[in-house]
Amino acid sequence: MESKEKYYLTTAIAYTSGKPHIGNNYEIVLADSIARFKRKEGCDVFFQTGTDEHGQKIELKAQEAGVTPKEFVDKVAGIIQGMCDMLNISYDKFIRTTDEYHERQVQKIFKRMYAQGDIYKGAYEGMYCTPCESFWTESQLVEGKCPDCGREVKPAREEAYFFRMSKYADRLIKHINEHPEFIQPVSRKNEMMNNFLLPGLQDLCVSRTSFKWGIPVDFDPGHVVYVWLDALSNYITGIGYDAEGNSTEQYRRFWPADLHLIGKDIIRFHTIYWPIFLMALGEPLPKQIFGHPWLLMNSGKMSKSRGNVLYADDLVDFFGVDAVRYYVLHEMPFENDGNATWELIAERTNSDLANTLGNLVNRTISMSNKYFGGVVADKGAVDQALDEDLKAVVTGTCAKVKEKMAQLRVADSLTEIFGIFKRCNKYIDETEPWILAKDEAKADRLSTVLYNLVEGICIGASLLEPFMPRTAEKIATQLNTKLREFDDLETFGLYESGTKVTDKPEILFARLDMKEVEKKDEEMASAMAAAAQGDNAAEESGEVTQGQDTAQPIDIEPKAEIAYDDFAKLQFQVGEIISCEAVPKSKKLLCSQVKVGSQVKQIVSGIKAHYSPEEMVGKKVMVLVNLKPAKLAGVLSEGMLLCAEDAEGRLALVAPEKEMPAGAEIC
């Protein structure tokens, strides 16, 4: 018996700090469609997902909830796994980083890396900024003060273990250059090379002592293993890796992973830290890492604190599982961010699912019942031009979909599949079955037309199965047939002539009343806003009462006067923040990609204590664009975002009062 080709696919594991939103769930639906497609291609697929359950944030949230960290993560992990099941995710393993086997192997990995000299004990040592909780070297200080906030710094030291990243950097650069498919899309590869690898890697902190909720370093119990060495190792521990050389047969079969599917915000950790960890262990690197874009809401990144979150269970309750799956898969471009709102999902449901697909299936079955008692038969009465064109579109789609899926272009694959359904609808308009039915002499032609429609729908549904499995199965059931494998999708005419379709066709997708959708949207928006207000008020408890105006006039020491010509040298423009992430090893810095006109500038700002990366995305801000580029914490900054600061040190970004385009001059 010939062995099947293996395919090991993983998602990033979800952090158990709270309930994930649809932007988080998008990744697992995307991975599921790929896994199902590979199974349909005949591969032996192992699909792993799970939860990341350690860290200081979990420890603090558990304290706030009055439970132990384990009790807290048990509850949240159950919610996350339940949402996977609700979305019909066909995972083979759901790993938790609190699993005993994983924790034991992480300890072994840490000890092995330490024994071979890849991990060493050291300390964060340098000038310490207390408000920022950050260490800085003398060369990083600006006029002797913290480069983030400008406050005083003092000498300090904190013990920690570090991984020697630079030891493997050249080898990783060589691997990336020799394997162009390793990081996808190409723009992510260029970002990693130019912003991180080529400028030089700093050693990575891999242990912490400031909190306890983590995997203990067994030979130094004061330390716990820090997040990335713990979390990333799940990809090998989940399939039976053993750091002492006793890995399982499953591990030997499935590693290296064929695809790590992750969000673009964590691609650095997966394409730099993770490969280097594997090199240190002497294990092969994954074949491909794909950093998918974000699913935004109203063009802004979803954030509970901002009240702009969509949850999968709410959407599924209203639209249904496969409608939600279809939307997130079809509306996400390969490289750029997608957008989701209640209105957009409803419009796509009405146009593609209710009209193009649902109406096609319903009226084809209804006409078969009306004209032939439900019996679908090929009578061989052909119209050469019309029939051959239909058949060419239908049978040619499988190869196109396979090509798109090989490139992980899932949205494009769905577009190709729906091309079948659109062509079938056009075929109905071309052949006009209701006209044929008026002439008994054309009964055989009418029967053949309906057969061709049923066959086209059957092939389309079989291709649709990995993306919308329940819908595909419903179609096959109504046609009284089975979904086909890929080998049978390039041949037209395999539907058994004489088969009787259901006499009561089910409406696959009902048209939605947009007024009802708008009402639901408003209800959810109000609920989210109230929840966000409560959360923000709780966070500020004891400092600022929600809605209270606490602003007080501030006098600052005046600086020396400047001439107009000096001011004229400064170029200020409106910028739009299109992405943002925290800077590694900095408690204060955020790194934003800011669109200014047709350019995108990378700007590092010391505002992490005041804005989360999620809150930054979509903001229009005031940018000093001709500031000389400089490195902050090793990251290049090409400008400055302007902020206001009050007497308590709270910052607020300066933004235009009215809507202005990115690039507008500020004068």
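Glu347 has its place in helix α13, where helices (H or I, at least four residues) are DSSP runs numbered from the N terminus. With a relative accessible area of 38%, Glu347 is partly exposed, a label for residues that fall between buried (under 20% relative accessible area) and exposed (over 50%), judged with a 1.4 Å probe and protein chains only. This is a predicted model, in which local features need pLDDT of at least 70 and side-chain atom pairs count only at pLDDT 80 or more, while totals for chains, interfaces and linings use all residues. Residues are numbered from 1 along each chain as its sequence is written, and side-chain values use heavy atoms, with hydrogens and water left out.

Together with Glu343, Asp513, Glu516, Glu518, Glu522 and Glu523, Glu347 forms a negative surface patch; patches are made of residues with over 30% relative accessible area and no salt bridge, and like charges are joined within 9 Å. Helices α13 (342-372) and α19 (514-539) each supply at least two residues of this negative patch, and α19 gives the most, with four residues.

Side chains of opposite charge can pair when their charged atoms come close. A search of the whole structure finds 31 salt bridges, each being a side-chain nitrogen of Lys or Arg within 4 Å of a carboxyl oxygen of Asp or Glu.

In one of them, the side chains of Arg36 and Asp32 meet at 2.8 Å, N to O. Because they stand four residues apart in helix α1 (residues 22-40), Arg36 and Asp32 are separated by about one helical turn, and both Arg36 and Asp32 are buried.

Arg104 and Glu100 also form a salt bridge, with their closest N and O atoms 3.7 Å apart. Both residues lie in helix α4 (residues 100-115), four residues and about one turn of the helix apart. Arg104 counts as partly exposed because its relative accessibility is 36%, whereas Glu100, with a relative accessible area of 62%, is exposed.

## A link between helices, and a network

Asp389 and Arg423 form a salt bridge in which the closest N and O atoms are 2.7 Å apart. This pair links distant parts of the chain, since Asp389 is in helix α14 (residues 384-406) and Arg423 is in helix α15 (residues 410-431), 34 residues apart. At 39% relative accessibility Asp389 counts as partly exposed, while Arg423, at 8%, counts as buried.

Salt bridges can also be followed through a group of residues: Glu53, Lys70, Asp74 and Arg96 are linked in a network of them.

Terms used. Patch = residues over 30% accessible without salt bridge, like charges linked within 9 Å, V, L, I, M, F, W, Y side chains within 5 Å. Areas by Shrake-Rupley, 256 points an atom, 1.4 Å probe, with all protein chains shown as cover. Lys, Arg positive; Asp, Glu negative; His and termini not counted. Charge placed at Lys NZ, Arg CZ, Asp CG, Glu CD.
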